[in-house]
Amino acid sequence: MVTLQTPRLLLRMFRQTDIDAYARICADPDVMRFLGGTPMSRGEAWRQMAMFLGHWQLRGYGMWAVEERETGTLVGRVGFLEPEGWPGFELAWTLGRPHWGRGFASEAARAALDYAFTTLGRERVISLIHPDNPRSIRVAERLGEHVEGEAEVNGWHLRVYAIRKEAWRAR
Ligand SMILES: CC(C)(COP(=O)(O)OP(=O)(O)OC[C@H]1O[C@@H](n2cnc3c(N)ncnc32)[C@H](O)[C@@H]1OP(=O)(O)O)[C@@H](O)C(=O)NCCC(=O)NCCS
C-alpha cells in the first residue's frame with residue numbers, strides 16, 4: 001500500500017468510502033470532456049476505482065486517490081496508468097472541478113514523478129494529452145515534459161508528452 005505525502009496532499013489507495021466523492025467528480029462533464037468525453041455513472045466510477053486497485057496489483061504501480069490533508073477531502077486522482085496495449089508508462093492527473101486552479105495536480109504529479117524515477121527506477125514517463133486541453137498541457141509543461149509524438153488511444157488522437165530521468169534530475 002504505497003502512500004506519498006506532499007505539503008498539502010496525501011496520495012493513497014482508493015477505498016470504498018471514496019465512492020460518493022469520486023462519482024461526483026466523474027459525473028461532471030467539464031472533468032470528463034477529454035476523458036472519454038461523457039460523464040460516468042456511479043457504477044462506472046466504482047468500476048474504475050476497482051480497476052485502479054487491480055492495476056496496482058497487476059503492475060506494481062498505479063493511480064492514487066488524492067486527498068487534501070487539511071480537510072480530508074478527495075480532490076482527485078494522480079498516478080500511473082499502463083493498461084494492456086497502452087502506448088507507455090503514463091503519469092495522469094484529474095481533479096474535481098472545485099479543486100482546479102490551486103496547484104494540486106502539479107504538486108501531486110511532482111511527487112509521483114519523483115517516485116517513478118527514484119523508487120520505480122523508470123527511465124521515461126509519458127503523459128497522453130488532447131491538444132485542446134490547455135490546463136493539462138500546462139501541468140505537463142510545469143513538470144518539464146515535452147511533446148515527443150502522437151498516439152491513437154481508444155479512438156482519440158493524443159499528444160505524447162514525455163520526460164526522461166536525466167532531465168528530471170537536472171531540474
Ligand atoms: C488537468 C487538470 C488536472 C489541471 O488542473 P489545474 O488546477 O489547472 O492544475 P494545477 O493543479 O497544476 O494548478 C495550476 C493552477 O493553479 C494555480 N495555483 C494557485 N495556487 C497555486 C499554488 N499554491 N501552487 C501552484 N499553483 C497554484 C496556478 O496559477 C495554475 O493556474 P493557471 O494554469 O490558470 O495559471 C484539471 O483541469 C482537470 O482535472 N481537468 C479534467 C481532467 C483532465 O482533462 N485530465 C487530464 C487528462 S490528460
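A polar side-chain atom of Arg142 sits 3.1 Å from a ligand oxygen atom in this predicted model, a polar contact being a pair of N or O atoms within 3.5 Å. An N or O atom in the side chain of Trp100 is 3.2 Å from an oxygen atom of the ligand, and a backbone N or O atom of Leu95 comes in at 2.8 Å from a ligand oxygen. On its own the ligand exposes 950 Å², and the protein buries 73% of that (Shrake-Rupley areas, 1.4 Å probe).

The shell around the ligand holds 21 residues, with Leu95, Gly101, Ala105, Ser106 and Arg138 the closest; a residue counts as near if one of its heavy atoms lies within 4 Å. By type, the shell splits into ten nonpolar, six polar and five charged residues, with Gly counted as polar. Helix α5 contributes the most, five residues, where helices are DSSP runs (H or I) of at least four residues and strands (E) of at least two.

Elsewhere, the whole structure turns up ten aromatic pairs, meaning Phe, Tyr or Trp rings (the six-membered one for Trp) with centres within 6.5 Å, stacked under 30 degrees between planes, edge-to-face over 60 and tilted for the rest. One of them, Tyr61 with Phe80, is edge-to-face at 6.4 Å centre to centre and 80° between the planes. Tyr61 belongs to the loop between α3 and β3 and Phe80 to strand β4, so the pair ties together parts 19 residues apart in sequence.

Residues are numbered from 1 along each chain as its sequence is written. Local features need pLDDT of at least 70 and side-chain atom pairs 80 or more, while totals for chains, interfaces and linings use all residues, and side-chain values use heavy atoms, without hydrogens and water.

Key: Polar contact = N/O pair within 3.5 Å; in protein donor to acceptor, adjacent residues only side chain to side chain.
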